[in-house]
Amino acid sequence: MREIKSIILAAGKGTRMKSETPKVLHKIFEKPLLGYVLDNVKNIVNESFIIVGHHAEEVTEFVNRNYNAAKTVLQTPQLGTGHAVSMVCPSLNKFEGQVIILCGDTPLITEKTLRDFIEYHNSQNSDITVMSTIFENPTNYGRIVRVNNNSLKCIVEEKDATDEQKKIKEVNAGIYCLNWAKIKDAFSQLTSNNAQGEYYLTDIIAWGKQKNLNVNAFILNNSDEIYGINSRKNLAEATRIINKRKLDELMDSGVTIVDPSSTWISEDTQIGTDSIIYPSTYIEGKNSIGCNCKIGPCAHLRGDVEVGCNCKIGNFVEIKKAKIADNTNVGHLSYIGDAELGSNINIGAGTITANYNPLSKVKSKTILKDNVKIGSNSVLVAPVTIDEGANVGALSVITKDIPSWSLALTRSPIKILNDWVKKALK
Ligand code: UD1
Ligand code: CA
């Protein structure tokens with residue numbers, strides 16, 4: 001097998017987002033756009049270079065924290081996508097394998113498509129392969145220009161295109177596969193005489209044709225996958241597409257989604273068969289939910305949540321960083337965070353795990369062993385453990401550990417004043 005490396009472009013400013021946050025760190029279900037791209041290449045390539053520039057420190061920190069096999073390379077100033085790739089040339093001077101180039105703002109591409117793309121490149125004995133697709137509304141994308149015999153000629157950017165070229169519906173996805181040793185010289189030969197005064201990566205197509213290299217386009221049928229994020233509207237649309245993909249996958253695998261139009265579930269959430277997700281539920285981050293569970297309506301799972309089988313997470317329940325074992329119910333209006341709940345537990349309505357001390361900024365854990373029952377409107381002040389089978393009476397504030405099979409009560413005893421109302425009205 002030939003070695004494959006990737007270069008991911010992520011140095012641009014993302015002007016159209018109108019944001020202080022670098023574009024590639026804008027999130028879909030709490031995962032930055034760049035994270036989607038890196039997750040999709042990590043099983044394909046042996047090394048990734050990420051070109052950073054605008055807000056380089058923040059992007060570098062995200063990469064270093066989450067993807068230690070990837071390297072960031074600084075591009076400053078940012079003179080265009082071709083200039084961005086040239087930043088890696090010194091590191092790949094002697095490299096003989098293939099390089100795939102992707103954009104950090106194109107999060108919908110899948111690992112399967114990338115594998116098909118590389119396979120196509122190999123099967124055509126191609127030197128340069130660009131991914132393209134057909135868009136009914138191709139505005140803003142680079143157009144693929146072909147000559148009469150249908151072979152590629154060049155890519156022309158929207159801002160440089162003639163009216164005739166603007167009618168072309170085949171667009172550049174911004175994803176390329178290159179036989180590096182043959183193409184690397186292009187990057188020192190690109191020029192910037194175009195409408196934006198930038199060094200365009202897209203010019204390698206015309207460069208390759210001039211050098212009589214084998215240049216091809218891989219036309220992708222599912223054009224959703226190359227949807228690029230340039231604006232907040234694009235971000236919302238990409239979120240919708242990722243969500244729809246996930247809901248379809250879950251329904252195909254035996255999960256009921258009562259109302260797909262109001263349900264949001266992150267890519268990184270696994271759900272077992274015969275579970276039912278009720279309307280207006282929002283599930284972000286990494287989670288796993290077992291079989292036969294009922295989630296929602298209006299439940300919010302915020303990540304690092306593991307739910308066993310036959311559980312109920314009811315309406316207006318928020319859960320974050322918690323493990324919940326089989327047959328446990330958190331039915332209504334509760335917050336469960338930094339917690340471990342055993343099996344056969346019932347959590348009464350309005351129960352709160354008070355996990356955060358805002359003065360020390362420390363989060364602590366709440367542990368409930370099997371068969372515990374918590375009365376409604378109780379506050380469990382962490383760190384705290386409630387041992388097996390213990391009961392907590394309604395409206396309790398639990399500030400110390402409760403022994404197994406005991407009852408804990410903290411409310412004041414009820415007082416009844418007979419005929420008090422009648423006397424008051426006299
Ligand atoms: C680019 C392509 C266009 C294609 C589209 C697909 C070029 C010239 N145009 O246009 O043909 O249809 O992607 O989505 O390549 N970046 C850098 N350094 C720079 C400039 C950009 O790293 O100096 C990065 C950006 O952060 C971004 C990516 O490159 O992740 C693409 O840049 P962007 O400005 O979004 O290009 P488009 O106009 O979308
Ligand atoms: Ca773009």
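Author: Helix H1, residues 33–41, is mostly covered, with nine of its nine residues buried. Buried here means under 20% relative accessible area, while exposed means over 50% and partly exposed is in between, using a 1.4 Å probe and the protein chains only. Helices (H or I, at least four residues) and strands (E, at least two) are DSSP runs, numbered from the N terminus. This is a predicted model, in which local features need pLDDT of at least 70 and side-chain atom pairs count only at pLDDT 80 or more, while totals for chains, interfaces and linings use all residues. Residues are numbered from 1 along each chain as its sequence is written, chains are lettered from A and ligands numbered from 1 in the order in which they are written, and side-chain values use heavy atoms, with hydrogens and water left out.

Among the buried residues of H1 are Leu33, Leu34, Tyr36 and Asp39. Asn40 also belongs to this helix, and its relative accessible area is 14%, so Asn40 counts as buried. A polar atom of the Asn40 side chain lies 2.4 Å from the backbone oxygen of Ile109. A polar contact is a pair of N or O atoms within 3.5 Å; within protein, one must be able to donate a hydrogen and the other to accept it, and residues adjacent in sequence count only if both atoms are side-chain atoms.

Let us move on to strand S4. Residues 47–52 make up S4, and six of its six residues are buried. In a regular strand the side chains alternate between the two faces of the sheet. Here both faces are covered: Glu47, Phe49 and Ile51 are buried on one side, and Ser48, Ile50 and Val52 on the other. Strand S1 (residues 4–10) runs parallel to S4 and is joined to it by six bridges; two strands pair if DSSP finds at least two bridges between them. Lys5 has Glu47 in S4 as its bridge partner. S4 also pairs with strand S5 (residues 70–74), in the parallel sense, over five bridges, and Ile51 has Val73 in S5 as its bridge partner. From S4 the chain crosses through helix H2 (residues 56–66) to S5, a right-handed β-α-β crossover. Right-handed means that, with the strands pointing away from the viewer, the path from the first strand over the helix to the second runs clockwise.

Next comes the calcium ion, ligand 2. Its protein donors are Asp105 (OD) and Asn230 (OD1), at 2.5 to 2.7 Å. Donors are N, O and S atoms within 2.8 Å of the metal (3.2 Å for Na, K and Ca), and water is not among the atoms, so sites may look incomplete. Asp105 sits in the loop between strand S6 (98–103) and helix H4 (111–123), and Asn230 in the loop between strand S11 (215–220) and helix H8 (232–252), so the pair ties together parts that are 125 residues apart in sequence.

Gly80 has a backbone N or O atom 2.8 Å from an oxygen atom of ligand 1. Thr81 places a polar side-chain atom 2.7 Å from an oxygen atom of ligand 1, and for a backbone N or O atom of Gly142 the distance to an oxygen atom of the ligand is 2.9 Å. Taken alone, ligand 1 exposes 760 Å², and the protein buries 89% of that; accessible areas come from the Shrake-Rupley method with a 1.4 Å probe, and for residues only the protein chains shown count as cover.
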